[in-house]
Amino acid sequence: MNHSLVLSEIQLEEIRKLAEKTRHSLGFVGDTPIANDIFTILDNEGILLLEYPIKSDGENPAFSAALMCSKKGDKELAFIGLNTADYFDKQIFAIAHELYHFYTKTGSHLSRPSEEDNDLVEKTANRFAAEFLLPENTIRSIILKEFKISSLEKKQTKTLLRFFARLQCTWWLPFRSLVKRLKEISAISDEQYSKLFAINERDMDGEYGRIGRAINEDVFLKLNKATNNIGTSPKDIEIIIRNFEDELIDEDKFTNTLALFNKNPDDFGYEFEVSDEDIEEFEEFFNEEVGDES
Amino acid sequence: MKVDLTSLNPALESIFSNPNQIITLDANFLIPPDRSKYAKISFDFEAFKRIWLDPIFEAFPNLAIHEAVYDEFHSTSVKRYVDTNINAIPTKLIVHKDSSLTLEERMLRSSIEEKIYPLTKYDPMLDNRDDRGEVKSLSYIAVKGLPYFAAHDSNAIKLIEKAEEWTTGLDNVQAIQMYEILFYLYRTNNRDKKSLRMLYKYQYYLTKHEKNTNPEWGQFIEAMEFLYPVA
């Protein structure tokens with residue numbers, strides 16, 4: 001991210017207010033982490049989630065997430081396409097980022113990490129995501145409660161790493177977002193920021209990786225893995241099934257659409273196999289046809 | 001696809017009394033069905049021609065397609081067969097052309113297309129192939145007051161059946177399904193009933209699911225004869 005673009009105090013205050021209002025309206029009051037509930041939020045907001053792993057040639061994924069909104073008559077449709085080739089904590093952050101575009105109606109949007117620099121809207125969306133997942137007031141109060149002081153500048157790196165690992169396993173933000181978060185509220189110095197940012201947080205055998213695994217192995221490993229999921233929410237699968245049941249799509253379209261999400265009609269009790277007896281009957285029939293022609 | 005034997009289709013009844021009316025066909029009425037994904041075997045063109053294409057062209061002298069449907073024929077055999085019928089003198093297959101529409105008709109056609117396309121995969125801005133044939137055909141026949149559209153496509157049929165609910169502007173168009181024409185051929189053409197049964201089985205009574213939802217050939221004929229007793 002390009003640091004030349006700095007959000008003003010007024011802009012930051014607006015983001016905080018929006019994040020707080022949104023969290024509140026969704027029932028996340030005070031120090032309640034959103035974490036995995038972000039997927040329930042999508043369901044409740046009627047946003048269709050399509051998960052697909054799109055790997056890129058380089059180190060970073062081709063894109064993180066994409067929001068598509070369309071309006072037909074008085075009906076609005078919103079989809080979030082999520083690249084599951086990315087780490088799970090980054091997927092959660094990417095969804096929170098897209099929720100900013102959804103709530104602020106900043107339109108259909110494709111989030112490409114490399115294109116975000118110098119883009120005020122993208123920077124705002126990222127800040128919203130961080131604030132939405134872990135509000136500034138909450139992080140300040142956690143620091144104060146734990147260290148009895150608002151600045152961690154005098155704390156050694158090991159202490160900070162343990163703190164970050166605990167924060168990460170509770171709030172499900174990427175390590176680097178947490179580092180940035182603490183820098184944004186001036187809890188850590190520029191030097192600490194650079195040092196922490198240089199850590200390979202995805203190395204599970206590195207110092208941070210070992211600390212994280214020791215604190216909460218299941219959650220820590222989950223957050224640091226690309227899920228590579230192919231799927232959509234059960235609600236969306238239900239729409240596909242209903243479309244078939246209501247004869248809006250035929251067997252072929254039903255089968256092909258479910259196959260996109262690694263599912264098949266059989267999973268839902270629709271059996272499309274043909275008996276051997278019938279296949280033989282058709283083979284015989286077509287052979288007779290060929291015989292008649294010759 | 002589901003076989004509905006719960007009520008009489010006035011379109012089929014009308015066709016029985018006057019088969020000379022114009023019936024506009026969707027591409028899937030002219031392309032051999034391929035359900036090899038389930039049956040491991042696809043319908044050979046020559047067999048389809050003998051069982052289905054030749055009999056329908058014989059039974060209905062005023063079959064038609066829209067020019068957009070013509071673009072959907074990729075197989076040489078189908079294209080050759082369609083061309084032969086179009087070029088026959090007199091023609092055996094009418095081609096509806098948008099260029100034949102008057103200015104007023106074109107405006108009306110566009111307004112109907114506007115209503116239909118969001119319910120399909122076709123997008124006029126992209127002019128993509130998906131569902132293009134059915135959107136263009138339906139818009140054209142609705143403007144021209146041609147009442148019959150024969151299709152083996154659940155979405156196309158729903159656009160007609162739900163015309164009022166979905167306000168598609170297709171209120172005066174009536175759908176004719178492949179199984180209805182199969183019954184027509186059964187009643188009017190005594191040549192090869194086994195072949196008609198095989199085509200019915202391939203299209204409607206093939207998978208385990210279809211066997212649970214659709215009637216087998218004997219029950220189908222019995223129910224259709226009950227619905228169309230004097231046909």
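**One serine and its surroundings**

A: Leaving aside neighbours within four places in sequence, Ser195(B) is in contact with Phe285(A), Glu289(A), Arg50(B) and Ile51(B). The list holds residues of chain A and of chain B. This is a predicted model.

Start with the position. Ser195(B) belongs to helix H11 of chain B. Is Ser195(B) buried or exposed? Ser195(B) has a relative accessible area of 2%, so it counts as buried, the cut-off being under 20%. The side chain of Ser195(B) also has a polar partner: the side chain of Asp192(B), at 2.3 Å. Arg50(B) lies 145 residues away along the chain, yet its C-alpha atom is 9.0 Å from that of Ser195(B).

Now the interface. Chain B brings 34 residues to the contact, and chain A brings 27 residues. The size of an interface is often given as the accessible area lost when the parts come together. Here the area buried between chain B and chain A is about 2800 Å². Carbon and sulfur atoms give 55% of that area. On the side of chain B, Tyr38(B), Met198(B) and His209(B) supply 22% of the area buried against chain A, more than any other three residues.

Seven salt bridges are counted between chain B and chain A. One of the salt bridges joins the side chains of Lys201(B) and Glu281(A), at 2.6 Å from N to O.

Which helices of chain B each supply at least two residues to the side that touches chain A? They are helix H2 (36–39), helix H3 (45–59), helix H8 (154–161), helix H11 (193–204) and helix H12 (208–213). H11(B) gives the most, with six residues. By class, the side of chain B that touches chain A has twelve nonpolar, six polar and 16 charged residues.

H8(B) is mostly covered, with seven of its eight residues buried. The buried residues of H8(B) are Ser154(B), Asn155(B), Ala156(B), Ile157(B), Lys158(B), Leu159(B) and Ile160(B). The cover includes helix H6 (103–116), helix H7 (132–144), strand E4 (148–151), helix H9 (163–166) and strand E5 (174–177) of chain B. Asp153(B) caps the N-terminal end of H8(B). A side-chain oxygen of Asp153(B) lies 2.8 Å from the backbone nitrogen of Asn155(B).

Then the strands. In a regular strand the side chains alternate between the two faces of the sheet. Strand E2 (residues 63–66) of chain B points Leu63(B) and Ile65(B) one way, and Ala64(B) and His66(B) the other way. All four are buried. E2(B) pairs in the parallel sense with strand E1 (residues 23–25) of chain B over two bridges. E2(B) also pairs in the parallel sense with strand E3 (residues 93–96) of chain B, over four bridges. Leu63(B) stands opposite Ile23(B) and opposite Leu93(B) in E3(B).

Last, the whole of chain B. Chain B has 13 helices and five strands. Of its 231 residues, 53% count as buried. Among contacts in chain B with a separation of 6 or more, 71% join residues 24 or more positions apart.

Terms used: Residues are numbered from 1 along each chain as its sequence is written. Chains are lettered from A and ligands numbered from 1 in the order in which they are written. This is a predicted model: local features need pLDDT of at least 70, side-chain atom pairs count only at pLDDT 80 or more; totals for chains, interfaces and linings use all residues. Side-chain values use heavy atoms; hydrogens and water are left out. Contact means heavy atoms within 4.5 Å. Buried area is the accessible area (1.4 Å probe) that two parts lose on being put together, summed over both. A salt bridge is a side-chain nitrogen of Lys or Arg within 4 Å of a carboxyl oxygen of Asp or Glu. Ala, Val, Leu, Ile, Met, Phe, Trp, Tyr, Cys and Pro count as nonpolar, Asp, Glu, Lys and Arg as charged, and the others, Gly among them, as polar. Buried means under 20% relative accessible area, exposed over 50%, partly exposed in between (1.4 Å probe, protein chains only). A polar contact is a pair of N or O atoms within 3.5 Å; within protein, one must be able to donate a hydrogen and the other to accept it, and residues adjacent in sequence count only if both atoms are side-chain atoms. Two strands pair if DSSP finds at least two bridges between them.
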